[in-house]
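Hi everyone, thanks for making time for this. I'd like to walk you through one protein, going from the overall picture down to a few side chains. Have a look at it first, and then we'll start.

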Amino acid sequence: MRLTDLTTLRQRNNESVPNFIQRFRDVRSRCFSVSLSDGQLAELAFQGLLPVIKEKFSSEEFKILTHLVQRISAHESRFHDICRDRYQKRVANV
């Protein structure tokens, strides 16, 4: 495995951020010759996220992967909760 394997890794449309980061970490663990700082790894992982997520968090700087996962997962769960609540309210009105 090489650095290009990390740079070409992309989040799938139906993949959660924690699952993508886990897949990223798995690929990273197989890149024995790649030496990157935590900040560089977080930036590579961020670049692999879906465009809508990258746009939302483009102004933030993530120093480690864990911070990236925590911050974006919190947003993701709030977004799913809001969507679920809206859907349930619509169904209740029918």
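Before anything else, one definition: when I say helix, I mean a DSSP run of H or I with at least four residues, and the helices are numbered from the N terminus. Please also keep in mind that this is a predicted model.

With that in hand, let's take the overall picture. The protein has five helices and zero strands, so, reading along the sequence, the pattern is α-α-α-α-α. There are 94 residues, and 31% of them count as buried. The exposed surface comes to about 6600 Å², with carbon and sulfur atoms supplying 52% of it. Among contacts with a separation of 6 or more, 48% are between residues 24 or more positions apart.

Now let's zoom in on helix α2. It has 13 residues and reaches 18 Å from its first C-alpha to its last, close to the 18 Å expected at 1.5 Å a residue. Which residues of α2 are buried? They are V17, F20, I21, R23, F24 and V27. These residues cover an arc of only 160 degrees around the axis, which puts them on the same side of α2.

F20 and F24 both lie in helix α2, four residues apart, and that is about one turn of the helix. Here is the general rule behind this: an α-helix has 3.6 residues a turn, so residues three or four places apart point the same way. F20 is buried, because its relative accessible area is 0% and the cut-off is under 20%. F24 is buried too, with a relative accessible area of 0%.

What does F24 touch, leaving aside its neighbours within four places in sequence? F24 is in contact with L6, L9, L41, L44, A45 and L65.

One name on that list, L9, takes us off the helix. L9 sits in the loop between α1 (3–7) and α2 (17–29). Is L9 buried or exposed? It is buried, since its relative accessible area is 11%. Beyond its neighbours within four places in sequence, L9 is in contact with F20, R23, F24, V27 and G48. Take V27 from that group: L9 and V27 are 18 residues apart in sequence, and their C-alpha atoms are 8.8 Å apart in space.

Next, the aromatic rings. How many aromatic pairs are there? The count comes to three. One of them is F20 with F24, a tilted pair at 6.4 Å centre to centre, with 45 degrees between the planes.

Ring pairs also link F46, F57 and F62 into a cluster. At 8% relative accessibility, F46 counts as buried, and F62 counts as buried at 7%.

Terms used. Residues are numbered from 1 along each chain as its sequence is written. This is a predicted model: local features need pLDDT of at least 70, side-chain atom pairs count only at pLDDT 80 or more; totals for chains, interfaces and linings use all residues. Side-chain values use heavy atoms; hydrogens and water are left out. Helices (H or I, at least four residues) and strands (E, at least two) are DSSP runs, numbered from the N terminus. Buried means under 20% relative accessible area, exposed over 50%, partly exposed in between (1.4 Å probe, protein chains only). Contact means heavy atoms within 4.5 Å. The expected span of a helix is 1.5 Å times one less than its number of residues. The arc is that of the directions from the helix axis to the C-beta atoms. Accessible areas come from the Shrake-Rupley method with a 1.4 Å probe; for residues, only the protein chains shown count as cover. Rings of Phe, Tyr and Trp (its six-membered ring) pair if their centres lie within 6.5 Å; planes under 30 degrees apart count as stacked, over 60 as edge-to-face and the rest as tilted.
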